[in-house]
Amino acid sequence: MNIITNSRKTKQGNQCIIPFEHQDTTYTDCKPEFDGSSKCPTKKTKKSYLIYEDCEELEYDEVKLLENYQPIIKDHKLVANQIEKRKIMTLPRVVELANKDSLCKGFMWNNDKKKYTIHSTSALLKKPGFNVYLKKGIVPKTKKKTKLRVINKLKTKKKTTNEVN
């Protein structure tokens, strides 16, 4: 009884078959994946759907979506403290996950890997191909200052050791 009931299409331009069943769940729209993408069947047999494809992304208001975030920090990356290890591909999905996590200070887009990561740090390092989105009120910290502090502490310890001898 699966009939095409809406105009959802895949990124490849094929028509989605909606509604459809997958693992005992009936979907009336594309099936959301963890990474923020969504899939739908485009061809089926009597027993199962043969081909699933990525659905076209729905339009969203980027300004409204990012209203709780500072302006984008371009060509910088967040250093360490990644909260979510799984791949996140869409802005709406990363904002949803970041807003739910109380430890999150922001997220980052990696242009080479075409994915977002969520972080609990605001430590930045200048790096082309990355964009950082920090929550409002979070103060960015540059990684260079952190390295200088560590080097100064090591020099202080060496002087103390030399003075004892």
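Before you start, one rule: rings of Phe, Tyr and Trp (its six-membered ring) count as a pair if their centres lie within 6.5 Å; planes under 30 degrees apart are stacked, over 60 edge-to-face, and the rest tilted. Keep in mind too that this is a predicted model.

**Exercise 1: aromatic rings**

Find how many aromatic pairs there are, then classify the pair Trp109 and Tyr116.

Solution. 
- Step 1: apply the rule, and the count comes to seven aromatic pairs.
- Step 2: take Trp109 and Tyr116, whose ring centres are 4.7 Å apart with the planes at 55°, so this pair is tilted.
- Step 3: check burial, and you'll see that Trp109 and Tyr116 are both buried.
- Step 4: look around them; Trp109 and Tyr116 belong to one aromatic cluster together with Tyr69, Phe107 and Tyr133.

**Exercise 2: charges over rings**

Solution. 
- Step 1: follow Lys77 to its charged end, which sits over the ring of Phe130, 5.0 Å from the ring centre.

**Exercise 3: a hairpin**

Work out how strand 3 and strand 4 pair, and what sits in the turn.

Solution. 
- Step 1: locate strand 3 at residues 31-32 and strand 4 at residues 38-44; they pair in the antiparallel sense, over two bridges.
- Step 2: pick Lys31 and look across to strand 4, where its bridge partner is Lys39.
- Step 3: move to the turn; the hairpin leaves five residues between the two strands, and Gly36 there has a positive phi of about 105°.

**Exercise 4: the whole chain**

Describe the overall make-up of the protein chain.

Solution. 
- Step 1: count the elements, and you get three helices and ten strands.
- Step 2: read them in order along the sequence: β-β-β-β-β-α-β-α-β-β-β-β-α.
- Step 3: turn to burial, where 33% of the 165 residues are buried.
- Step 4: finish with the accessible surface, about 11,400 Å², with 52% of it belonging to carbon and sulfur atoms.

Definitions and conventions
Residues are numbered from 1 along each chain as its sequence is written. This is a predicted model: local features need pLDDT of at least 70, side-chain atom pairs count only at pLDDT 80 or more; totals for chains, interfaces and linings use all residues. Side-chain values use heavy atoms; hydrogens and water are left out. Two strands pair if DSSP finds at least two bridges between them. Helices (H or I, at least four residues) and strands (E, at least two) are DSSP runs, numbered from the N terminus. Buried means under 20% relative accessible area, exposed over 50%, partly exposed in between (1.4 Å probe, protein chains only). A charge sits over a ring if NZ of Lys or CZ of Arg is within 6 Å of the ring centre and within 35 degrees of the ring normal. Accessible areas come from the Shrake-Rupley method with a 1.4 Å probe; for residues, only the protein chains shown count as cover.
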